[in-house]
Every structure is written in structure tokens, then in C-alpha cells.
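Colleague: Hi! Could you walk me through this model?
Modeller: Happy to, here it comes.

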Amino acid sequence: RYSLFYNRLKNIEENEGGLDKFTKSYKTFGVNQFVDGGIYCKEWAPGAEAVFLTGDFNGWNPFSHPYKKMEYGKWELFIPPGQDGYPPVPHGSKLKVVIRAQNGELLYRISPWARYVVRDEDKVNYDWVHWNPPLSYIRKHPSPKRLKSLRIYESHVGIASPEGKVASYKNFTYNVLPRVKDLGYNCVQLMAIMEHAYYASFGYQVTSFFAASSRYGTPDDLKEMIDVAHSMGITVLLDVVHSHASKNSEDGLNKFDGTDSCFFHSGPRGTHQLWDSRLFDYANWEVLRFLLSNLRMWIEDYRFDGFRFDGVTSMLYHHHGIGTGFSGDYNEYFGLHVDEDALCYLMLANHMINFLHPECITIAEDVSGMPALCRPVAEGGGGFDYRLAMAIPDKWIQIIKELKDEDWNMGNIVHTLTNRRYEEKYIAYAESHDQALVGDKTLAFRLMDAEMYTNMSVLSPLTPVIDRGIQLHKMIRLITHALGGESYLNFMGNEFGHPEWLDFPRKGNNESYHYARRQFNLTEDHLLRYRFLNAFDRDMNKLEERFGWLASPPAYVSEKHESNKVIAFERAGLIFIFNFHPYQSYVDYRVVIRHSSLTVIFKYRLLLDSDAAEYGGHQRLDHSTEYFSEEYPHNYRPNSLMV
């Protein structure tokens, strides 16, 4: 694998003038304005017989501005400035690339490199709009330093409002970012930013890879949003989709030059049978240029601080993970079923990011457990900084769905939370956007279900269902946060047990926005119990910010007691104790401390208590109590204390 990566990198150095020049192609491909006012246009369309540029600037004459055919399927066009010195293609004018296909058909296409596309309300397809404002947004704040531990707030700009509408970048800037900061998250991971024609695809059917979605506002609005986040010390990651592309041809990449291939594999290999989308040909030189330049553009133009790569499992294997289980056997990760070209692309992407922007972070969404995916490329690894711990949310769902409380297995919970390869960093999460979507259920909904509609008011009796749901919601999140990885992720709204599911407007729900929103206002109503969960999530994050357990070595688990239903562990100098027993409390309960000193008595006090009144608990613990270590052997350790 490293040999394949090295040879491709060497070819880039020898034939393209180096990685820096190769990945700067976003400044030359598409339609770009020169300083003197002229317009330089460049496209890659190997299957085209001829290429033209048309639009508002030439009265939509399809043949007046032909491109010149160059080597390797490239086409170039230079349009000099007008006699008055003004650019021939004004800012805000609509454009199309006209492709004469091999069969003579004229195809009107959006450039794959288009920076801004919009859709009029009365139209189905998007239009390409030349974006070159006379005064573009100028950033005011430096990017934050690279974080040692990430507390990620997974977000979608369009649903980030209690109102039933598509929310804006401006709304996120001034209403959501302050909330993220207050909750103690230091990173925002933005979904559905790359332009996608179908809103209900959650941003995973990308049509224009270089365009920030116009349904939320302008490119400058997004730049301002990221700049304001940086002013708050918040890192901003982009959920990047390089695993596949929309099948749209009128306003997407599909059949751009009139052929079945171009950016994609031809034939069945070029189509994902479950996602009904196109699959990139990662061995193609121009595809590498396109995708690597795409990453660089998002970093350098918009100041994103890194990426979460979506669908990595689909990229890694020719079977795309369809109908395949992964047990951890190494034969599953090495062989002809692995797409080495895709893996090489990911290595090149991470190498480029680390080489040009070492402060940036990359995350892999991989369910297979590919070994060394999060080790440096120089070691033959994939080069990612983190991978998502995708087994954890599945485990919580399985436990809540299938087991009685008294049948919860403490050892199995601990195993799932700690089962990760040494020195490969994992992002732990109890649930993400996947569990919030219609057809699935969030943890809060699984725990409390229909009673969330009737019994979340403090004026109504605290029923056993609501009581159990609130307490387990807090405990599940804390143990996942503290034991499950080296970073933590939460999807917006789930921190306070957002009621109902997430469903985008579509024919099946009469194009309704009722479920495509986040009801943040519920946490501000002091008569509702959602504020308890919100407060606990905030204080949990603030405690991690203070002690830094995510950046600390893995926890030392001292107890996983099956009959007592107790889990205890130490991390970052803190002792975490969880009582998952459905009805049994304990007094004088002895737990291990790792300090081995025989001469020093250590004093402990309570820092976070899920049973506290401000978190909707029953106040059964005295917070003024002090706990002292003893030279009393317990669980094969010399010292312990009583709680």
C-alpha cells in the first residue's frame, strides 16, 4: 500500500510540479477571473467532441465562445476583458458549459468546479452562477490551535431552528454558535454544506463539490460563520463526501462529457447499488486532481479546520460493505476485495492535508475496523487522526431494545467502550444523526417514547418511565464520554433528548418542514424537564474541559460487577462510578484507587452527580461529603475508599 502511495506521489512530483501545484487546480479549473479582468476557463472532458461556454454574458449563444482542445482531455478558453476593462463575465451572471457529445448531441452542463449554484423556486434543476463579488468577506480571526481533545457538536445548518423552514448560515452564526459554546463543545462538524440538489439526502448526494449550499445563504455568509466560530475558539470540520456522487447529470457530475465514465468507473462498477449514486475512479489522474483540490479549496477559501470523511467503508472495499460483516479477522482487510486505489487516494488526501496544513484534523467514518487507518502514512497507515467508534451506538440500541434492566451486562458494556486498537484514536458517541432520522429512534425516544409528549412537564408527576429515561440518558452519555474514546460527538438537539424524529420535506410527508427542525426553545422553558438533560450535558463537557480525560491515556477499569450492576474506573485523575442497578442503591461501597502511596492519604470530593436536583435527579448524595483513601486492599489493588 505504501509503495502504491509513494509511486503516485512521486508521479505528482515529477509530472505535475509537485503536490502544491497539483492541488491548486481549483484556482485554474472552472471559470476564474484574472487580475487584469480577463476570464480563464478550463475543463476536463475527455469524451467531448467540442466544448463551449455560454450564458448571460453572450446572450446564451452556445457556439460563440469555443474552448481549445489540449492534451489529456483538457479544454481551455481565455476571454479578454472588455474595452472598458471590466470583466466579460459579470458577477452574478448565469453560465453553462456546452458539451458536444460523441453522438453530436449538445449537453448543457454545470462546471464540476462551479463555486456557486442556485435553484429558482419554479425550477427543478440548479443554475450555475458566476461568483466573483467586488468585495468578498475578509476574515478577522485566526484559526484555533489544534485541539488535544475534540468535543464535537454534529450540526446541520438547515434544521438549526425551531421554525419549520430552511435555516440560514446567519441564523447558525448568531443563534446556534453561542449555544454550542455555552454547552462546552469546542468543535462543530457541519453536514450538508457541499451543494446537493435533494435536500432530504441530508447532504450525502452531492451535485456540486466546490459550491457551498446556496439554500442557507451565500459563500460569504458561510465564511463569516466559520470566522465567528473561530473567534469563539471553536474548530469547524466539514462533513466531506468523496465516497460517491449524485447521479444527476443536468446539475451534477454524472455524464458530464456525455460518456458513462469521465469522473467515474463505467459499467456496474461505477454505480452503488444501495445508494443509487456514482462511484469515483480513484486511479484516474484527473479524479485525484479534482478531489484533492476540492479538499484544499475548502481549507484555504473557507478556512475549515479539517474533515470528517463520509462513507470510508464503501471506499475501502469493492463490495462496499454491502452484505458483509466484519469480525476483526485480518483476512477481511487484506486481499483482492480491498480497493487499493481508493485507499491510496485517502492516504494521498491525508498526506496533502498534513503537508500543507498540519493543523487540520481528519476523521474516518469506517465501520469495518480497517487496521492502521489512523496511523501515519509514513507507517503505511491511512493517515487519519480519528475514526468513529461506530459500535458504541449500536450497542446501546441493542441493550435498550432487547434487554431488561436487570439483564444488562457490565462486562459487555465495558468491552464495547474500550475495544479499540492501541494508539489509534476513536471518537466515541452514544448517538449521532443516524439515530435521529425517521425510521430510527434516538436514545431519549427509545427510553421514554410516547410519554415524552405528556409527562416532560415538571407540573406533571414524575412517572417511572420518564424518571428511568432521564437518569439513563445522562449515565449513558457520561460513561460513553469518559470511557469510549479520545474524543466525543453529539448530534445537535440530542443532548437534551430532543423529542420526535428528524424527517426532511418529501412527497411522503407532503413536503412538510415540521420534523426538519431543532426545538432548542424546549431547554429554555423552566417548566419542562429537557433543561435538566441540557444542563448535565453542559457540565459534563465543562468538566472534561477542566480535566482533559479525552486527551489522557485509556482508563483503568477497576470494577465491572455483574450482580451489583456497578462499573468503576479511573481516568485523568478522576474516579467514575456508575450504578446501573434498576432498584438497588449502596452505602459504604468500596472502590479501588490507583494511588499506591502508603504514607499519603488522598481526599476526594464529588464533582459531577447525575442524581443532583439541577439534573432532574433525586438528591440522594450529600455534596459536602469528603472521601478519604485507605490502605485497604480491594480488587487486587492496595488502596481503596468508601462511597
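**Cores and active site**

Modeller: The largest nonpolar core of this predicted model has 170 residues, and Ile193, Trp298, Tyr345 and Trp396 have the most contacts inside it. Such a core is a set of buried Ala, Val, Leu, Ile, Met, Phe, Trp, Tyr and Cys residues joined through side-chain atoms within 4.5 Å. Buried means under 20% relative accessible area, exposed over 50%, partly exposed in between (1.4 Å probe, protein chains only).
Colleague: Which residues does Tyr345 touch?
Modeller: Among them are His242, Tyr282, Phe309 and Met315, leaving out residues up to four places away in sequence; contact means heavy atoms within 4.5 Å.
Colleague: New topic: which residues does the "active site" annotation cover?
Modeller: Asp310 and Glu365, according to the unreviewed UniProt entry. UniProt positions follow the numbering used here, feature names are shortened, and annotations may be inferred rather than shown by experiment.
Colleague: Why do they gather at one spot?
Modeller: They span 56 residues in sequence, but no two of their C-alpha atoms are more than 5.5 Å apart, so they come together.
Colleague: Is aspartate 310 buried or exposed?
Modeller: Aspartate 310 is buried, at 8% relative accessibility.
Colleague: And glutamate 365, buried or exposed?
Modeller: Buried too, with a relative accessible area of 13%. Aspartate 310 touches Glu365, as well as others including Tyr204 and Asp239.

Note on methods: Residues numbered from 1 in each chain as written. Predicted model: local features only at pLDDT ≥ 70, side-chain atom pairs only at ≥ 80, totals over all residues. Heavy atoms only, no water.
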